[in-house]
Amino acid sequence: MNPERPPNGVLLEVHNISLAFGGVKAIEDVSFDIRDGEIRAIIGPNGAGKSSMLNVINGFYHPQQGSITYKGETRSQMKPHHAASRGIARTFQNIALFKGMSTLDNIMTGRNTLMKKNVIWQALYYGPARNEELKHREFAEHIIDFLEIQAIRKTPVGRLPYGMQKRVELGRALAAEPDLLLLDEPMAGMNVEEKEDMCRFVLDVNEEFATTIALIEHDMGVVMDISDRVVVLDYGKKIADGTPDEVRGNQGVIDAYLGVSHE
Amino acid sequence: MFYREAGQFKTSYIADQSILPIAQDRVFVFGFMAVAFLGVPWFIDSYWANAIFVPFLAYALAAIGLNLLTGYCGQVSLGTGGFMAVGAFATFKLITLFPDLNLIIVILLSGAITAAVGVLFGIPSLRIKGFYLAVATLAAQFFLVWLFNKVGWFFNYSPTGQITMPSVEMFGVLVTGPSASPAARYLFCLGFVVLFALAAKNIVRGRVGRSWMAIRDMDIAAELIGIRPLAAKLSAFAVSSFYIGMAGALYFGVWLGSAEPIEAFGVEQSFLVLFMIIIGGLGSILGSVLGAAFMTLMPIFLKNFMVDGLAVEVVTAKHVEITLMGVLIVFFLIVEPHGLARMWQILKEKLRLWPFPY
Amino acid sequence: MGGEVIFFLEIVISGVMAGVMYALVALGFVLIFKASGIFNFAQGVMCLFAALALYDFMAPGGWVDRWFGFTFPVWMAIVLTIGVMVVVAWLIERLVLQHLVKQEPIILFMATLGLAYVLEGVGDILFGSDVKPLDIGIPQGASDWALDNYGIYVEKLELVAAITGAVLVTILGIFFHRTRIGRALRAVADDHQAALSVGISLRTIWVIVWSVSGIVALVAGIMWGSKSGVQFSLSLIALKALPVLILGGFTSVPGAIVGGLIIGVGEKLAEVYLGPFVGGAIENWFAYMLALVFLLFRPQGLFGERIIERV
């Protein structure tokens, strides 16, 4: 699907990342890699630095130390829109949809980086701008079908229930045709059925679109079921990395979750 | 009963994306346009043109411009009066420097010049947000008006500091100056407003409009999905100022005929246009036009009602008018903060169900 | 001291004094913004309205004089005007704010613009729009002490304004940080919903805060009114206070003071040393440009906290 796919199978690698806000250390010297085509879970207790890690990967936070290698290109930091145009898309822990816009418009916004016609063509509308719009509309409709949200196409997203908003947000991220999809707690606050739906979408995205996925999730059942490999963070440090089975048996992980006093 | 879209199916994305997807709406709008272009010119006299139609059209264009920036991109601006002044003075300079240039080109160029100035004053928006930005745009307002008042080159060193629009012909008909016919001036402005309202609608339903709205609704998320705040905000300032500049050109060239910067383009103008888009509806092109109509008509209505109807003294009437303006604004905000555009929408919803309540 | 230096000092001092006057107006903005997140554009008109009411209580030919045949002494008039401002605050809460609780900031801002129109219109209808000299016994003219000892010209009225401003800020500081109501105010400022849920009455708080800024408006109105008479242009000092606000931050009381001083001094210096080169009358926009340039380097204002953005 993508000619830029690295030969060694590693899509993204973070090396020795450290991030601090003033005196607070959010991430300390963390390294791991994400292989092409896998589902990689990042887990850990609250405040472990998981969301900060995603923010570093797509350029929103700039780490004080370390570097990121993405598609064979190494850099210490990058701009968010650059990350987006290189194929990194994400969803957010607290839904960050554009509340005043419809579902369709939100998804179309995800394709903004792929659209090129300038404002004067847009003002004229008929001609190139319309053709471009239609081409991308078709793709957006493909995603709407995939996520089964046809009925709410024209509804302002502010009016949708929580679970639907999460789904639209996933749609917006998919619209960018990402190579790497970052999902920040895609199933938080959902009931069992909604979680099952979402799991199915995540697996389908991984299979049908061949998208590499990195996800943060608290539901261990879900993580163990769908992810290929898991990295565990605690207090900003990496404490384990491996297949779900390996991680499950790791003493450090058990301590972090069940609580052992930190001296 | 007669306003139903049942049975109208969209079979292509083109049809689904049209501005007026419902057939009845299309009939209504085309009928309305026919009246505006073919009916009104027959009976328009100079009172109707000067007091109502021409100022309404100039303000409508300004309101559309400001709504693109404030309603769609979320950047509050109080510099509208200053930007209108740029458009007006650009028109004046261009038409006096190049008397043979076509007036339409002059106005478009004035818009372009205003757009450049707008981008310049829009640069702070990259670092400051919300009311800080609103206050910062006042810098543009005061600085520009001062500039046009002080630097003689802008008003061709006329001793009064006023600028006066020469008489200009379009297609052999005078459209500016004291001897232009009301119908010609009206049609000239109407043409501009209709064309550019359509262009604005096209912009906001496409990629650029979506990137503006994304910045408005959640700027961080917008940045993270690949929208550059720099490009989005500055393009909003540019397009908005382009509209406001053309509005200033019409306001000065076609309506006032002569203008003095402090009086004609003061900060009150900025507030007036802001009122128009708030009362009309933020983030709505139709709302901008409705708001402009409302704010143009209301003072005339109040004045006629009080001075002619109740025989109130003119000075007192002025004070009462100010008070009532304030009351009406507050009342409107309380009753329908989304403006006339939303009321129009609700009315249409009701009409769809009529004669049944649900 | 040489003439140049004295001239410079005089400019700086008059700038400081003007700055205090600006700060007084800015303070009213800050109070309301802090407690309710409302950018109250009517603050300038509130100054005008308060000064008009005060004048009317004392002046021959005012409403009181016409109806009852006497006028109030200064201190009574001030107390009564404070009463008027409290009633105005209560009415504003009752008729406007209460109905706009969960609206967007811009809607509330526009509502205060509407309020400004109402107050201006009502003020004109009640009290007339002619210029009124306000004299409540603040000494005028040059301070002899400063002139005799240092040879510097200092306006007494401005000196009084500066002292009043300092006292007012101290009182407000104590009010905000040492009293129960002050704590509640700060709680409301942080989060309306959360404040409500711990049993703070939003409506009471709003009435209080609008009353307090009405009183601040009165003080500012007295000072400006004594200086240049009570007239419509008084309401335009709101526009003067805005650059002070963006410089000092919308929520910072010390910011309003320091910002006021910077703007006051900067403006006066620019007027004298820069004005002649560009044709004068730059005071309308210089303060804005100063604030704007400043903001480009420090977007959160002088005393604002750096915001960590998160998603």
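The model is predicted, so local features need pLDDT of at least 70 and side-chain atom pairs count only at pLDDT 80 or more, while totals for chains, interfaces and linings use all residues. Residues are numbered from 1 along each chain as its sequence is written, and side-chain values use heavy atoms, without hydrogens and water.

Let's start where chain B meets chain C. With contact defined as heavy atoms within 4.5 Å, 37 residues from chain B and 49 residues from chain C take part. The two chains bury about 4,000 Å² between them, 83% of it on carbon and sulfur atoms; buried area is the accessible area (1.4 Å probe) lost on putting two parts together, summed over both. On chain B, the trio B:Phe131, B:Tyr132 and B:Trp146 supplies 18% of the area buried against chain C, more than any other three residues.

Now turn to chain A, where an automatic or database assignment sets the domain bounds: domain 1 (1-87 + 178-263) and domain 2 (101-177). Their C-alpha centres lie 27 Å apart. The contact draws 19 residues from domain 1 of chain A and 13 residues from domain 2 of chain A. Together these domains bury about 1,400 Å², 72% of it on carbon and sulfur atoms. Here the count between the domains is 2 salt bridges. A:Asp197 forms a salt bridge with A:Arg167, with the closest N and O atoms 3.4 Å apart.

How values were computed
Chains are lettered from A and ligands numbered from 1 in the order in which they are written. A salt bridge is a side-chain nitrogen of Lys or Arg within 4 Å of a carboxyl oxygen of Asp or Glu.
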